[in-house]
Amino acid sequence: MDPRLHPQVRALLVAMGEVADVGDPLAEPSPAELAAERSAYLDSTLRLGGAAEPVSAVSDIVVPTRDGASLRARVFTPLHAPESSELLVWLHGGGWYVGDIETFDRVGRALANTSGAKVVLPEYRLAPEHRWPVPVHDAIDTVTWAQTHGAEQLSIDPASVSVGGDSAGGQLAVVAARHASLPLRAVLLVYPCLDPSLSSDAMQEFGDGPMLTRADVERCWGMYRTDAARDDDPDFAVLSASDWSDFPPTRVAVAELDPLRDDGLHLAERLPDAQTRVFDGMVHGCLRFGGVVDATHDMIAWLTAR
């Protein structure tokens, strides 16, 4: 194992065992394989995510979309700020094809309590059943709802809405921020997945892991992509955008030993107002493992600091 690994991450990797070979990155999994992967993703979070923090209130709602669908979403009200008029829309990670409300419930609670803002965790539609641009549209529609009807429903100041996300959710968050109809308070990102070319230095260095490999990332982009998705379209390949002048203040947290590390750093270099932090010894996915990795809590605290 890499000697730079944090001891807690090293122990985590040992406990999880070796990650199975994903096989052909372009092969679409069967429904049974998808169900198994999604179940395993949830199971690892429940085992290693730690206790669910108490919050002031939790409610399940639905968010309307442009095509008439209704997305499940969960609202977390911070324990010590139940009257907060701020809102964070958090778009979860999982390579656009795994992850759901239950998997990121602990993250949503921690974000609410640490930020002092209400948090909405939408269950956007997943690939490969719903490929690009459906997840992007769901993300944009959720932010639009949060700044309009959702603000009224949740007693939120529309000027105090932020958006954030981790990994694949970070890509959705950036696109949603670029399409926001009203100015956003902030954009908060954790190791976002932004570059379908897979050409960064970090991808070359950490293409064999730990935790996430180049084959894993290639597979995720393969399930997300459609024939209409182009690498010069910033709604797909975020870093291809040329104008970032109006982008909101942004915080980008990345893991040192992550093949996606440079995606976030390269984005921050383009932004007019961005802060970055590289979390030493950390790997991709550490946001979900707060029960065994202390740096998870440091990451959330830094991300949401005033």
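The paragraphs below go through the sheet, the helices around it and some backbone features of a predicted model. Residues are numbered from 1 along each chain as its sequence is written, and side-chain values use heavy atoms, with hydrogens and water left out. Because the model is predicted, local features need pLDDT of at least 70 and side-chain atom pairs count only at pLDDT 80 or more, while totals for chains, interfaces and linings use all residues.

The sheet is open and has eight strands, in the order β1-β2-β4-β3-β5-β6-β7-β8, with mixed pairing. Its edge strands are β1 (57-64) and β8, each of which pairs on one side only. From one strand to the next the twist averages 20 degrees. Two strands are taken to pair if DSSP finds at least two bridges between them; strands themselves are DSSP runs (E, at least two residues), helices are DSSP runs of H or I with at least four residues, and both are numbered from the N terminus. In general, strands of a sheet pair through backbone hydrogen bonds, either parallel or antiparallel.

Strand β3 (residues 87-91) runs parallel to β5 and is joined to it by five bridges; L91 stands opposite G165 in β5. β5 also pairs in the parallel sense with strand β6 (residues 187-190), over four bridges, and V187 in β6 is the bridge partner of V163. Between β5 and β6 the chain crosses through helix α6 (residues 168-179), and this β-α-β crossover is right-handed (with the strands pointing away from the viewer, the path from the first strand over the helix to the second runs clockwise).

Further along the sheet, β6 and β7 pair in the parallel sense over four bridges, with A253 in β7 as the bridge partner of V190. Helix α6 packs on the sheet, touching β3, β5 and β6, and its direction makes about 150 degrees with that of β5. Contact here means heavy atoms within 4.5 Å; axes are lines fitted to C-alpha atoms, for helices over the stretch in contact, and angles run from 0 to 180 degrees between N-to-C directions.

Helix α6 also meets helix α4 (residues 134-147): the two axes come within 9 Å and cross at roughly 55 degrees. The two helices are therefore oblique to each other (under 35 degrees counts as roughly parallel, over 145 as roughly antiparallel, 65 to 115 as roughly perpendicular and the rest as oblique). α4 passes α6 in a right-handed crossing, that is, with the near helix turned clockwise from the far one by less than a right angle, anticlockwise being left-handed. On the α4 side the contact involves P135, V136, A139, I140 and V143, which meet Q171, L172, V175, A176 and H179 in α6.

Just after α3, G116 takes a positive phi of about 75 degrees. In helix α9 (residues 261-270), R261, D262, D263, G264, L267 and A268 are buried; their cover includes α6, β6, α7 (201-205), β7 (250-255) and β8 (274-279).

The loops hold the remaining backbone features. Most residues other than glycine have a negative phi, and most peptide bonds are trans. The peptide bond from W132 to P133 is cis, with omega near 10 degrees, and P133 is found in the loop between β4 (118-122) and α4. S155, in the loop between α5 (149-153) and β5, is not a glycine but has a positive phi of about 55 degrees. S155 is exposed, with a relative accessible area of 54%. L198, also not a glycine, has a positive phi of about 50 degrees and sits in the loop between β6 and α7. L198 is buried, with a relative accessible area of 6%.

Technical notes
Buried means under 20% relative accessible area, exposed over 50%, partly exposed in between (1.4 Å probe, protein chains only).
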